[in-house]
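Please look through the sequence and the structure before reading on.

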Amino acid sequence: MATIEECRVALEKLSDNMQKADGNVRAAAAMDRSVSCRITDLDITFVGRLSGGRIVVDETVQGLPAEKAQIRLTMAGDDLVAMVNGGLNFAKAWGSGRVKLEANVFDLFRLRKLL
């Protein structure tokens, strides 16, 4: 099972990858939205913001955050680490229910370019 620190590092790596992207991926990542990433097996949620093509984690809370973020990811810690390291395909994981992504329909259309 991935640790909190391993999950934090994976989110930082994801953020770095988004920052380095170009074309449609960079445009999709340029949104300004609140974001959360719930790690089910650790019962924690990373809360922050997607802004300027980066994910900035402001805090880590136990359980669910007090407010719903505009973009919400939910998955196990091992799945986050595997996805960021290239060992798990996001689309397949999302399709099988291992990863859950919630956002408004317009944001989902933009986010599909990232995935």
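By class, how many nonpolar, polar and charged residues does the lining of the second largest pocket have?

## Second largest pocket

The lining has 4 nonpolar, 3 polar and 5 charged residues. Here Ala, Val, Leu, Ile, Met, Phe, Trp, Tyr, Cys and Pro count as nonpolar, Asp, Glu, Lys and Arg as charged, and the others, Gly among them, as polar. The volume of this pocket is about 170 Å³, and its lining includes Arg38, Arg72, Leu73 and Glu102. Strand 1 (33-39) and strand 4 (71-75) each give two or more residues to the lining, and strand 4 has the largest share, 3 residues.

The model is predicted: local features need pLDDT of at least 70, side-chain atom pairs count only at pLDDT 80 or more, and totals for chains, interfaces and linings use all residues. Residues are numbered from 1 along each chain as its sequence is written, and side-chain values use heavy atoms, with hydrogens and water left out.

On a 1 Å grid over the protein atoms alone, a pocket is an open set of points with protein on both sides within 12 Å along at least five of seven lines, a cavity is a set where a 1.4 Å probe fits but cannot get out, and lining residues have an atom within 4 Å of a point. A volume is the space filled by probe spheres set on the points, which are joined across faces, edges and corners. Strands (E, at least two residues) and helices (H or I, at least four) are DSSP runs, numbered from the N terminus.

## Largest cavity

The whole structure has 1 cavity of 30 Å³ or more, with about 70 Å³ of space. Among the residues that line the cavity are Leu11, Val35, Phe46, Ile55 and Leu73. The lining divides into 8 nonpolar, 2 polar and no charged residues.

## Salt bridges

There are 6 salt bridges in the structure, each a side-chain nitrogen of Lys or Arg within 4 Å of a carboxyl oxygen of Asp or Glu. In one of them, glutamate 102 pairs with arginine 72, with the closest N and O atoms 3.8 Å apart. Glutamate 102 is in strand 5 and arginine 72 in strand 4, so the pair ties together parts 30 residues apart in sequence. Arginine 72 is buried, at 18% relative accessible area, whereas glutamate 102 is partly exposed, at 27%. Buried means under 20%, exposed over 50%, and partly exposed in between (1.4 Å probe, protein chains only).

Arginine 38 forms a salt bridge with aspartate 43, the closest N and O atoms being 3.1 Å apart.
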